[in-house]
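Here is a short report on a ligand site. Look at the sequence and structure first.

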Amino acid sequence: MVGSLVASALWAMLPAYVPNNAAVLAGGGRPIDGGRTWNGARVLGDGKTWRGTAVGTAVGVLLALVLNAIVDPASTALGVDLPTFPLRAAVGLALGAMVGDIGASFLKRRSGRERGAAFPGLDQLDFVVGALAFAWLLAPAWFDEWFTLPAIAVVVVVTPILHVVTNVIGFALGVKNEPW
Ligand code: CTP
Ligand code: MG
Ligand code: K
């Protein structure tokens, strides 16, 4: 019961989990803010690029399509009813994750934090808020079916743990500049 709630909630979030990690690998090139500043600090900073955002979003959507291809055997193997992603839900989760992270950088720059500075709490949940908001906007019926309040609670508790673990691994592998 609880296990199936955790499994379906995390499955539903997978297309939102990979974009930020894909962006780390794909980053570089022109920053979204074009180098512009606002009140003495960069609008977003060099860590938010067009290429990272585009590749991250595309990888998230592609993952959703792969998950759709294996959802039946996976549901059977786990004995859990897992979600299939309509394209609108896939785009909402992936693009929303990227936009949430970009919004966090905007807030970091406004609060005097340089690129790469940690903002505990915001760093772990920015993309969750963005992904859920965009999925709700783009695929409201699908969102209501899979993101019940208990499912959202699972996501909010488990995601920061997964986020910290993956970023420490990325840092240890040398692909990420900071372990957060
Ligand atoms: N990245 C990107 N485009 C994005 C998000 C991330 O190119 N939309 C790449 C950048 O190379 C970035 C790296 O992924 O440096 C790590 O992402 P993140 O930790 O979110 O950025 P930071 O460099 O820490 O910058 P910020 O302080 O603004 O979060
Ligand atoms: Mg960072
Ligand atoms: K971030």
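Which helix supplies the largest share of the shell around ligand 1? α3 does, with 4 residues. Helices here are DSSP runs (H or I, at least four residues), numbered from the N terminus.

This is a predicted model: local features need pLDDT of at least 70, side-chain atom pairs count only at pLDDT 80 or more, and totals for chains, interfaces and linings use all residues. Residues are numbered from 1 along each chain, ligands are numbered from 1 in the order in which they are written, and side-chain values use heavy atoms, without hydrogens or water.

**The shell.** Ligand 1 is surrounded by 18 residues, each with a heavy atom within 4 Å of it. K48, T49, S105, R115 and G116 are the closest. α1 (2–26), α2 (50–78) and α3 (87–110) each give at least two shell residues. By type, the shell holds 2 nonpolar, 8 polar and 8 charged residues; Asp, Glu, Lys and Arg count as charged, and Gly is among the polar ones.

**Polar contacts.** These are pairs of N or O atoms within 3.5 Å.

| Side chain | Distance to an oxygen atom of ligand 1 |
|---|---|
| S105 | 2.6 Å |
| R115 | 2.7 Å |
| K108 | 3.1 Å |

The protein covers 90% of the 570 Å² of accessible area that ligand 1 has on its own (Shrake-Rupley method, 1.4 Å probe).

**Helix α3.** α3 has 24 residues and spans 34 Å from first C-alpha to last, close to the 34 Å expected at 1.5 Å a residue. Just after α3, G112 takes a positive phi of about 80 degrees.

Note on methods
A polar contact is a pair of N or O atoms within 3.5 Å; within protein, one must be able to donate a hydrogen and the other to accept it, and residues adjacent in sequence count only if both atoms are side-chain atoms. The expected span of a helix is 1.5 Å times one less than its number of residues.
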